[in-house]
Amino acid sequence: MTRLIPSEDELHAYVDDRLDAVRRAEVQAWLASNPQAAERVEGWRADARRLRAALAGYAEPNAGTPVNRQHLLRQARQRRQRRWAAAAMVVMALGVGGLGGWHVRDVSLARADLPMADAVQAHRLFAGSQVLDIQARDAEQMRGWLQRHFSQVGQLPDLSGYGFTPVGARLLSNEQGPAALLVFEDGSGRRISLFLRSPGEHYRRMPTGQRVDGPLEARYWSHGAYNFALVSQADDRRGAGVGEALRLGL
Amino acid sequence: MQDLDDHQWRQLLARLRRFAVWLTRDPGSADDLVQATVERALSRRQQQRDGEALRAWLFTILYRLFLDGKRRDRLHARWLAWFGRAEPDAEPVGDNLEDIVLAQADLQAFAQLKDEQRALLLLVSIEGLSYKEAAQALGIPIGTVMSRLSRARTALRELTEGAPQPPALRRLK
């Protein structure tokens, strides 16, 4: 008699009219004597009927829906092309940004790794030269020149205690604005130079430090409105003292 | 699909759209979904079918695309959440739907069912697909179709019957 008691699946199949005629009649007969199950099944059936009625309207072709195949295909093609174009733009933007970013990184790394590299460069180029903007043999003259061009700079100390006297100075410039190279010389012709300029975006204010670059040694610090660097021969023991004196004075 | 006449074509699109509207509960994304479905079907000419099989196949494509879209949305929401812009959880019934549903309490209950339950009821009760076709369209075994159907119908019954009938127009916009 188990054959007569329909399974849950069969009840659903009954609602959906998926049973063969014989079984359908059997289930129907069984439901007739099982009012509780019959009520359940009737509820499902009523829900389905209501749903069908409520949704019938949604199967009407909508004015906004394209019904023409050619039209659809054309839209599809356009959409694909737009998608490709967008993808290409993204790739390009990433490429440009990436390469550009990489390039900038190289540049800024080079600069970040070598603080006051421009000071060392200026020393190499100009410190040995006889052609300086001004020839200033005494410290007072040099001080005046410095004050004229760099209003916010402090007092240039007298370095004669270390054996250095002024030779001259040169006004330079970089993209951050003016810079200056002040050259000093001792009795034996050894030269040191003081470089100063404004901090910029590539030349940020930096902690005090020093580094050796080939035969030269740079001591650098920031104070007031400027970055300073003292460049001397790496083997010149007076570098530390001169640097200290300049740091205190300027 | 190529040899459908204009009337059949229209009807097919309309049924796809109905399925899509009630799957997404949003007419805008339903149109996109139908469009994408037809695109995909047309691009797979070698798999073309006819008649009833064609219809079931199109429902299959549409449902897969719908699931893909859901997955993308979830991913998108996760990204947004990552950036601290958590979106409020999707309401069980979208605003858009309330415009459609208006006074029809039956549809309000239906719209509250889970996506998978709605999809199955649409295919079986509305579109008249066989259990086997529905199983194929939804990518699930036939046993799952039966148990899901049972749960869906029970849930719908409870929603229509158990909850007090909401007033005809809950929100006017």
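Which strand of chain A is joined to strand 4 of chain A by five bridges, and do the two run parallel or antiparallel? The points below take this up, for a model that is predicted.

1. Strand 4 and strand 7. The partner in question is strand 7 of chain A, residues 226–233, and the two strands run antiparallel with five bridges between them. One pairing places A:S193 against its bridge partner A:V231 in strand 7 of chain A.

2. Strand 3 and strand 4. Strand 4 of chain A also pairs with strand 3 of chain A (residues 177–185); these run antiparallel and are joined by seven bridges. Among the residue pairs, A:L181 has A:F195 as its bridge partner in strand 4 of chain A, and A:L182 has A:L194.

3. The hairpin. Strands 3 and 4 of chain A form a hairpin, with five residues lying between them. Within the turn, A:G189 has a positive phi of about 90°.

4. Strand 2 and strand 3. Strand 3 of chain A is paired with strand 2 of chain A (residues 165–174) as well, in the antiparallel sense, over nine bridges. Here A:L182 in strand 3 of chain A stands opposite A:A169, while A:L194 is the bridge partner of A:L182 in strand 4 of chain A.

5. Burial of strand 4. Strand 4 of chain A spans residues 191–197 and is mostly covered. Of its seven residues, six are buried. This strand has bridges to strand 3 of chain A and to strand 7 of chain A.

Conventions: Residues numbered from 1 in each chain as written. Chains lettered and ligands numbered in written order. Predicted model: local features only at pLDDT ≥ 70, side-chain atom pairs only at ≥ 80, totals over all residues. Buried ≥ 20, exposed ≤ 12 C-beta atoms within 10 Å, placed from the backbone. Helix = DSSP H or I, 4+ residues; strand = E, 2+ residues; numbered from the N terminus. Pairing = 2+ DSSP bridges.
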